[in-house]
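Let's take a walk through a protein structure together. Keep the picture open beside you as you read.

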Amino acid sequence: TVNQSKLVEVLSRTIKDGRVISLIHKYLKAGVVVKHKFEDTEIGVPQGGNLSPILSNIMLNELDKELESRGHRFVRYADDLLIFCKSRRSAERTLENILPFIEEKLFLKVNREKTVVDEARKVKFLGFSFYAKMEEIRVRIHPKSIAKMRSKVKEHTSRSNGMGNEQRAEKLRRYIMGWINYFKIADMKSLLQSTDEWMRRRIRMIFWKQWKRVKTKFEKLQTLGIHTQKAWEYANTRKGYWRISNSPILSKSLGNNTLKGLGFLFFSDYYRQVTA
């Protein structure tokens with residue numbers, strides 16, 4: 001909800017060419033089309049617009065300068081901001097003092113629900129959190145980001161999402177590559193190992209469900225190198241899908257290399273590639 005008049009005022013301090021200011025002002029007032037319907041843009045900058053990120057940063061640069069003048073240590077990415085203080089009391093005082101500048105000088109709204117005073121290790125910032133190890137501050141992935149990732153993997157490895165296995169493998173590959181490239185600065189080796197084990201089990205469960213008939217299961221297990229007697233025994237099992245997905249037979253027949261050969265990529269493997 002950037003105040004357009006305030007934004008133009010800030011821009012005018014450094015941009016002396018009135019034509020450029022006028023052009024930006026027209027861009028702000030141009031309106032947007034939402035669901036095939038035109039809407040006026042009396043406030044804010046158009047979401048998704050090519051100028052919007054830089055205009056937001058120009059506006060919030062005013063906040064950066066104010067924090068610097070007050071001697072605060074802080075980090076900001078777009079509109080996510082952390083201000084570091086030595087004590088809770090100091091942090092509460094800082095928050096109380098900076099809110100009037102943001103809301104009354106810059107005319108911006110502060111999300112009170114997301115604005116908190118807390119220890120650094122409990123704070124979520126851009127999906128990350130922090131912890132101390134051997135007197136060193138380290139970065140890890142926030143539990144909410146982990147839960148979101150597992151939910152996405154669960155969605156892609158659902159039997160009822162209508163995907164074929166090739167499409168499933170491709171969607172998982174794209175998601176894993178994007179996720180690892182974003183979070184690779186964090187400490188997460190053990191997290192990735194446990195996630196891979198869980199994901200492989202879900203993929204095995206999908207194949208076991210797809211094989212359905214006893215005859216199909218028997219033939220598939222034999223094709224994948226399982227001895228005839230064992231293949232017949234497991235093909236006739238009455239154990240549930242999730243339980244059988246963790247059995248030694250499926251772990252062997254649909255092992256890591258077999259799944260990789262079918263196009264599936266795993267978190268640990270790609271993490272090693274990009275951090276080697």
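In the protein chain, 57% of the contacts between residues at least 6 apart in sequence join residues at least 24 apart; contact here means heavy atoms within 4.5 Å. Keep in mind that this is a predicted model: local features need pLDDT of at least 70, side-chain atom pairs count only at pLDDT 80 or more, and totals for chains, interfaces and linings use all residues. Residues are numbered from 1 along each chain as its sequence is written, and side-chain values use heavy atoms, leaving out hydrogens and water.

The protein chain has 13 helices and 6 strands, which are DSSP runs (helices H or I, at least four residues; strands E, at least two) numbered from the N terminus. Its radius of gyration is 27 Å, well over the 19 Å that the globule rule gives for 276 residues, so the chain is more spread out than a compact globule. That radius is taken over C-alpha atoms, and the rule is 2.2 Å times the number of residues to the power 0.38. Along its principal axes, the C-alpha trace spans about 85 × 55 × 35 Å. Of the 276 residues, 37% are buried, meaning under 20% relative accessible area with a 1.4 Å probe, protein chains only.

Now find arginine 204 in helix α7 (residues 189-211). What lies 2.9 Å from a polar atom of the arginine 204 side chain? The backbone oxygen of leucine 254 does. Not counting residues up to four places away in sequence, arginine 204 touches Ser245, Leu250, Ser251, Leu254, Gly255 and Asn256.

Note on methods
A polar contact is a pair of N or O atoms within 3.5 Å; within protein, one must be able to donate a hydrogen and the other to accept it, and residues adjacent in sequence count only if both atoms are side-chain atoms. Buried means under 20% relative accessible area, exposed over 50%, partly exposed in between (1.4 Å probe, protein chains only).
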